[in-house]
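Try each task before you read its solution.

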Amino acid sequence: IDFGYKQVDKNEKVNFVADVFHSVAAKYDVMNDLMSFGIHRLWKRYTIDCSGVKPGHRVLDLAGGTGDLAAKFSRIVGKQGQVILADINHSMLTVGKEKLINKGIVGNLHYVQANAEALPFPDNHFDLITIAFGLRNVTDKSKALASMYRVLKPGGRLLVLEFSKPTSETLSKVYDAYSFHVLPKMGEWVAQDGDSYQYLAESIRMHPPQEELEDMMKQVGFEQTSYTNMTGGIVALHRGFKF
Ligand code: SAM
């Protein structure tokens, strides 16, 4: 695997990503607002709008981290529904759980430490799976997508919210300059952790662009796939269904 600045093997990537999120967990929410100028909230709101989620649904918020999406889904699905916030990283789950409990979001929300590549849930279980800013950190993305397909109910929907490829050359240049020069510095100043934010910038550049990710989704069985670019393609929301 080429991280741009460092060649690592698969196991190393798993450990490296674990260290990154362990290290950023406590400051994750504040950094998210700072780095995206709060725009991540709009990207997430659009994701909820596209989710088709209804009271009584079973939702998996995968790589759910500090639980922004899970919290919203918990309110929508109500008492008859169920939301699982799953994440590979114990530190992120702990920060998320504390935050949501403090906000009084309890009852239908469960926390599971799990790897997206091998989901510990039954076949055909969820009405909706979301993975927001998580897939690019997963080592074997096709394996993870296949695992999501397996646990989704027929008729169920997958939404992948992720950084993608800016559609204009100019925006791409500005964005590269921002993510490679400004982000690591912000990480250094605010979270005393420039290296983790350097990784985040690298992982964004390595992630498959819009069409390639859509093809990967099709290859594992997703149908009626499509995507919407947001903020000039800096972020894209991919959709796919299991029938
Ligand atoms: N979804 C949240 C959000 O949008 O704010 C958190 C996104 S955070 C950038 C990425 C999350 O992916 C981290 O919490 C990390 O622990 C998790 N993650 C990384 N690799 C994973 C894997 N293989 N399986 C499950 N979660 C993973």
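Two residues are in contact if their C-beta atoms, placed from the backbone, lie within 7 Å. Helices (H or I, at least four residues) and strands (E, at least two) are DSSP runs, numbered from the N terminus. Please keep in mind that this is a predicted model, in which local features need pLDDT of at least 70, side-chain atom pairs count only at pLDDT 80 or more, and totals for chains, interfaces and linings use all residues. Residues are numbered from 1 along each chain as its sequence is written.

**Exercise 1. Describe how helix H3 meets H4.**

Step 1: Find the residues. Lys-44, Thr-47 and Ile-48 of H3 meet Asp-68, Leu-69 and Lys-72 of H4.

Step 2: Sort them by class. This contact has two nonpolar, one polar and three charged residues. Here Ala, Val, Leu, Ile, Met, Phe, Trp, Tyr, Cys and Pro count as nonpolar, Asp, Glu, Lys and Arg as charged, and the others, Gly among them, as polar.

Step 3: Helix H3 (residues 40–49) and H4 pack at an angle of about 35°, and their axes are 10 Å apart. Axes are lines fitted to C-alpha atoms, for helices over the stretch in contact, and angles run from 0 to 180 degrees between N-to-C directions.

**Exercise 2. Is Thr-66 buried or exposed, and where is Thr-66 found?**

Step 1: Locate the residue. Thr-66 sits in the loop between strand E1 (58–62) and helix H4 (68–77).

Step 2: Apply the cut-offs. A residue is buried if 20 or more other C-beta atoms lie within 10 Å of its own, exposed if 12 or fewer, and partly exposed in between, with C-beta atoms placed from the backbone. Thr-66 counts as buried because it has 21 C-beta neighbours inside 10 Å.

Step 3: List the partners. Beyond its neighbours within four places in sequence, Thr-66 is in contact with residues including Tyr-28, Asp-29 and Lys-99.

**Exercise 3. Which contacts does Ser-23 make, leaving aside its neighbours within four places in sequence?**

Step 1: Start in helix H1 (residues 10–24), the place of Ser-23.

Step 2: The contacts of Ser-23 are Asp-193 and Ser-196, leaving aside neighbours within four places in sequence.

Step 3: Ser-23 is partly exposed because 18 C-beta neighbours lie inside 10 Å.
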